[in-house]
Amino acid sequence: MKKSLAAVAVLATTSPMVMASSALAHDGATGIVETRMHAMKEMGKAVRSLKGMMEDESSYNAETVRTQAEIIKLHAGEAMNEQFPEGSLQEPTHAKPEIWSDWDRFSDLSSQLETLAGGLELAAKNGLMMGGQGSMMMNGDGHMAGMMGKGAPDLEVLGQMPADGVFTMLVKTCSSCHLEFRARKP
């Protein structure tokens with residue numbers, strides 16, 4: 001009983017601090033804008049965590065790759081689309097109105113991201129490409145040469161690839177979306 005009361009006391013005293021720091025972290029965003037900013041921040045942290053492992057084979061950990069890919073997948077696809085109801089441009093959003101005028105493209109990119117994150121989960125067991133061969137396999141759009149046209153390949157293909165190849169495709173999908181649908185921060 002004492003442990004339960006102590007836990008409640010800790011939550012009661014720390015919750016306001018956590019909420020205040022969360023609001024500051026998102027420049028005072030509220031509602032759906034705050035929710036999606038939090039989701040984007042979580043995906044960004046996952047990508048940064050993965051980036052180091054993709055560049056340094058000695059730090060590669062397949063379980064961590066799976067865990068971080070799962071975080072990205074959780075926030076991508078339909079979950080991402082739901083974070084962008086029509087016209088949700090309240091400050092301090094960085095979303096551009098083009099999201100809604102080109103919804104099919106935005107939705108396609110969020111779907112690709114979900115597929116690529118799932119593919120990265122599967123490819124984690126494969127480790128990294130040897131000798132920097134990855135860049136030779138990728139075309140300028142971040143697609144695997146000869147393996148896919150528009151969009152992401154299916155999970156079976158992704159699951160057979162080296163993890164850093166799938167990661168490169170995932171990051172290029174993020175970059176494409178940011179270039180097209182995210183305003184630069186002032």
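**Helix H6 and its neighbours**

H6 has 21 residues and reaches 30 Å from its first C-alpha to its last, close to the 30 Å expected at 1.5 Å a residue. That expected span is 1.5 Å times one less than the number of residues. Helices here are DSSP runs (H or I, at least four residues), numbered from the N terminus. This is a predicted model: local features need pLDDT of at least 70, side-chain atom pairs count only at pLDDT 80 or more, and totals for chains, interfaces and linings use all residues. Residues are numbered from 1 along each chain as its sequence is written, and side-chain values use heavy atoms, leaving out hydrogens and water.

Now burial. Buried means under 20% relative accessible area, exposed over 50%, and partly exposed in between (1.4 Å probe, protein chains only). The buried residues of H6 include Phe106, Leu109, Leu113, Leu116 and Leu120. Gly118 and Gly119 are buried too. The buried residues of H6 pack against H2 (31-55), H3 (62-75), H4, H5, H8 (155-160) and H9 (163-181).

Take H9 next. H6 and H9 pack at an angle of about 160°, with their axes 9 Å apart. Axes are lines fitted to C-alpha atoms, for helices over the stretch in contact, and angles run from 0 to 180 degrees between N-to-C directions. The two helices are therefore roughly antiparallel (over 145 degrees). Contact means heavy atoms within 4.5 Å. On the H6 side, the contact residues include Arg105, Phe106, Leu109 and Ala123. On the H9 side, they include Ala163, Phe167, Cys174 and Phe181.

Last, the rings. The structure holds 3 aromatic pairs. Rings of Phe, Tyr and Trp (its six-membered ring) pair if their centres lie within 6.5 Å; planes under 30 degrees apart count as stacked, over 60 as edge-to-face and the rest as tilted. Phe84 and Phe106 make an edge-to-face pair, 4.9 Å centre to centre, with 65° between the planes. This pair links distant parts of the chain: Phe84 sits in the loop between H4 (78-82) and H5 (98-101), Phe106 in H6 (residues 103-123), 22 residues apart. Phe84 counts as buried at 7% relative accessibility. Phe106 counts as buried at 2%. Trp103 and Phe106 form a tilted pair, at 5.4 Å centre to centre and 40° between the planes. Both lie in H6, 3 residues apart, about one turn of the helix. Trp103 is partly exposed, with a relative accessible area of 27%. Phe84, Trp103, Phe106 and Phe181 form one aromatic cluster.

Technical notes: Parallel < 35°, antiparallel > 145°, perpendicular 65-115°, else oblique.
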